[in-house]
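Visitor: I would like to learn how to read a model like this one. Where do we start?

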Amino acid sequence: MLTEPQKHTGAENLGESRSRIAARVIGRERELELALAAVAAGRDILLEGPPGTSKTTILKAITEEWGIPLFLVEGNADLTPAKLVGHHNPARVLREDYSSENFVPGPLVEAMQEGGFLYIEELNRAPEDTMNTLLMAMGDRAVSVPRVGRVEAGPTFRVVASMNPFDNVGTARLSQSVHDRLNRVVIGYQGTDEEERIVRLRAGLGASGAAGADDPLGERIVGDAVAVTRGTRTHPDVRQGSSVRGAIDTAMIAAQLAALRGLTDPVAEGYPELFHDAMTVGLSGRIHVDEAAETTPERVLREIWEDRFVLEPHAAAPG
Ligand SMILES: Nc1ncnc2c1ncn2[C@@H]1O[C@H](COP(=O)(O)OP(=O)(O)O)[C@@H](O)[C@H]1O
Ligand SMILES: [Mg+2]
């Protein structure tokens, strides 16, 4: 029997549902709309974008709105078909022989049974046979588990895969047959304004912090953290720069350093050095320097810092 994935049959209209989902996500209106349209149509999707571009945030918001679980799986060489589907508890099998009771479901079976989203990050890193298992499950909307039987997917089961376009591991392995079964939503880095709003919210600084709108130090930290993080993405010696996660952490570390050093004024003399310390901690492990460039993350960060704080200090000055 051929089972088609089903459209989401929410009672209320999709537009209202979209507004509630959008309230949980900063910006990303277009990406959210496209992803929502695809999953509401009963389709599986590939989210193609670098880390930190709101992929998980968007999926969490959709599944919370639909009231269904989101199962997160990292695609890597260890993701065997047995890990995805599940396995029989070996100790119990020795005692009781194989039965459906001693089967430990993997995320694919769980997502099917509960009608959830199965989110496989970096699908291109998963082994070939795991991808084939997944393709079968997507096509049939069911899996056959030896000694357990056939597991049918609930109507809201979806497969969502992600892929980082900067990744050079196994991207060729995402074969034509995989691409042919997935709808592709491309997600790029957020704009400056969106990143500042995300950092404000997640780091609890500026208008999002305890001090409220009147937090000039927090505002300066947010602006600087986003600017230098964006700088890592365009520096000629960097293969892949940092995501907004680096900006969030840099901002939080800078705020704590300011407290430790008793610095409350964004134009205080010690601020540039303080910020340099914070960005070294928050960003140096997050940038991948081009091997041919013969430089170091620290040196790259120093250059980005000099661009903002020495060469163009007016760009960083508040107001
Ligand atoms: N649009 C957004 N709204 C609110 N927070 C966001 C948004 N995008 C990213 N974040 C925050 O940034 C971090 C990374 O986002 P995430 O959605 O996990 O990225 P991805 O899954 O693409 O790697 C998380 O801490 C998340 O809270
Ligand atoms: Mg993610």
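Guide: With the cut-off for being near a ligand: a residue counts if its C-beta atom, placed from the backbone, lies within 6 Å of the molecule. Keep in mind that this model is predicted.

Visitor: Which residues come nearest to ligand 1?

Guide: Ile26, Ser54, Lys55, Thr56 and Thr57 do, out of 15 residues around the ligand. Helices H3 (55-66), H9 (192-203) and H11 (244-260) each give two or more residues to this shell. H3 has the largest share, with three residues.

Visitor: What is the make-up of the shell around ligand 1 by class?

Guide: Five residues are nonpolar, six polar and four charged. Domain 1 (14-186) and domain 2 (192-316) each supply at least three residues to the shell.

Visitor: How far apart do the C-alpha centres of domain 1 and domain 2 lie?

Guide: They lie 34 Å apart. Across the boundary, seven residues of domain 1 are in contact with eight of domain 2. The domain 1 side of that contact has four nonpolar, three polar and no charged residues.

Visitor: Now a strand. Which way do the residues of S5 point?

Guide: The general idea comes first. In a regular strand, side chains alternate between the two faces of the sheet. In S5 (residues 117-121), Phe117, Tyr119 and Glu121 point one way, and Leu118 and Ile120 the other. All of these are buried.

Visitor: Which strands pair with S5?

Guide: S2 (residues 70-74) pairs with S5 in the parallel sense over five bridges. There, Leu70 stands opposite Phe117. S8 (residues 158-163) is also parallel to S5, over four bridges. Ile120 has Ala161 of S8 as its bridge partner.

Key
Residues numbered from 1 in each chain as written. Chains lettered and ligands numbered in written order. Predicted model: local features only at pLDDT ≥ 70, side-chain atom pairs only at ≥ 80, totals over all residues. Nonpolar A, V, L, I, M, F, W, Y, C, P; charged D, E, K, R; others polar. Domains from an automatic or database assignment. Contact = placed C-beta atoms within 7 Å. Buried ≥ 20, exposed ≤ 12 C-beta atoms within 10 Å, placed from the backbone. Pairing = 2+ DSSP bridges.
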